[in-house]
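Trainee: I'm new to this one. Could you walk me through it with a few questions and answers?

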Amino acid sequence: IETEEEEEKIRDVTQLYKDAQLYEEQSRKNGKESKEFLAGNQWPKEIKQALEEQNRACLVINHTEANHDILSGIFRDNRTDWKVLPIENGDSLTADILSIVMKQIASASDFAQEETRVFDDVQDVGRGFFEIYPDFDVDINGQIRLNHFPWDGVYCGPHDKLDGSDMEYIGKKKWFSYRKLKQLYPKKIDEIDRMASL
């Protein structure tokens with residue numbers, strides 16, 4: 001049974017999510033349009049339908065996709081290595097250890113591939129995201145993983161700076177299977193069952 005404090009938190013988070021959806025509505029429409037354009041779906045539906053009714057071809061010469069692939073290739077060819085550097089009176093030994101740890105995390109996460117996917121999102125729609133989380137599947141103590149997270153699964157709160165450093169909150173949505181939800185939230189099994197039966 002949820003306490004009043006928990007219910008209030010859920011209400012607050014739900015409201016923030018709705019606010020972020022509203023704030024990002026136009027940006028998401030633009031992003032989806034960009035993805036469609038890249039895929040070669042460059043004709044508006046009504047014009048395409050009118051042309052098809054007249055037995056006229058909807059010609060697409062997709063220069064966007066070729067440029068996208070060239071930029072992605074340049075990015076992959078010029079990948080840089082991670083190196084932590086001490087600043088001012090920082091400890092160089094600690095910096096070296098952190099470099100090794102970061103490289104180990106990157107290697108275990110197949111970072112090169114994940115980074116390329118994030119880069120492709122950035123060039124396609126203007127933003128890309130990593131998901132950083134502890135993975136308990138291999139190690140009971142958890143291992144840090146870095147994965148690409150879909151650009152349209154993230155909801156940013158209002159911000160003015162391009163890097164989002166003035167953003168007060170950020171949310172993400174992710175689909176889980178029925179079984180996974182029950183595994184993640186064992187105390188909510190009854191509620192999950194009720195929602196699944198609707």
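Trainee: At roughly what angle do the axes of helix 1 and helix 5 cross?

Mentor: Keep in mind that this is a predicted model. Helix 5 covers residues 111-125, and its axis comes within 8 Å of the axis of helix 1. The two axes cross at roughly 100°.

Trainee: Then are helix 1 and helix 5 roughly parallel or roughly perpendicular?

Mentor: Angles of 65 to 115 degrees count as roughly perpendicular. The crossing here is roughly 100°, so helix 1 and helix 5 are roughly perpendicular.

Trainee: Which residues of helix 5 make the contact?

Mentor: On the helix 1 side, the contact uses Gly31, Ser34, Lys35 and Leu38. By class, the contact has two nonpolar, two polar and three charged residues. From helix 5 come Asp121, Asp124 and Val125.

Trainee: Moving on to pockets, which residues lie nearest the centre of the largest pocket?

Mentor: That pocket has a volume of about 1300 Å³. Helix 1 (4-38), helix 6 (178-184) and helix 7 (189-196) each supply at least two residues of its lining. The lining has 14 nonpolar, one polar and 11 charged residues. Of its 26 lining residues, those nearest the centre are Leu181, Tyr185, Lys188, Glu191 and Met195.

Trainee: And which helix gives the most to the lining of the second largest pocket?

Mentor: The second largest pocket holds about 360 Å³ of space. Its lining numbers 20 residues, with Gly126, Arg127, Cys156, His159 and Leu162 nearest the centre. By class, eight are nonpolar, six polar and six charged. The top contributor, with five residues, is helix 1.

Key: Residues are numbered from 1 along each chain as its sequence is written. This is a predicted model: local features need pLDDT of at least 70, side-chain atom pairs count only at pLDDT 80 or more; totals for chains, interfaces and linings use all residues. Side-chain values use heavy atoms; hydrogens and water are left out. On a 1 Å grid over the protein atoms alone, a cavity is a set of points where a 1.4 Å probe fits but cannot get out, and a pocket is an open set with protein on both sides within 12 Å along at least five of seven lines; lining residues have an atom within 4 Å of a point. Grid points are joined across faces, edges and corners, and a volume is the space filled by probe spheres set on the points. Helices (H or I, at least four residues) and strands (E, at least two) are DSSP runs, numbered from the N terminus. Ala, Val, Leu, Ile, Met, Phe, Trp, Tyr, Cys and Pro count as nonpolar, Asp, Glu, Lys and Arg as charged, and the others, Gly among them, as polar. Axes are lines fitted to C-alpha atoms, for helices over the stretch in contact, and angles run from 0 to 180 degrees between N-to-C directions. Angles under 35 degrees count as roughly parallel, over 145 as roughly antiparallel, 65 to 115 as roughly perpendicular and the rest as oblique. Contact means heavy atoms within 4.5 Å.
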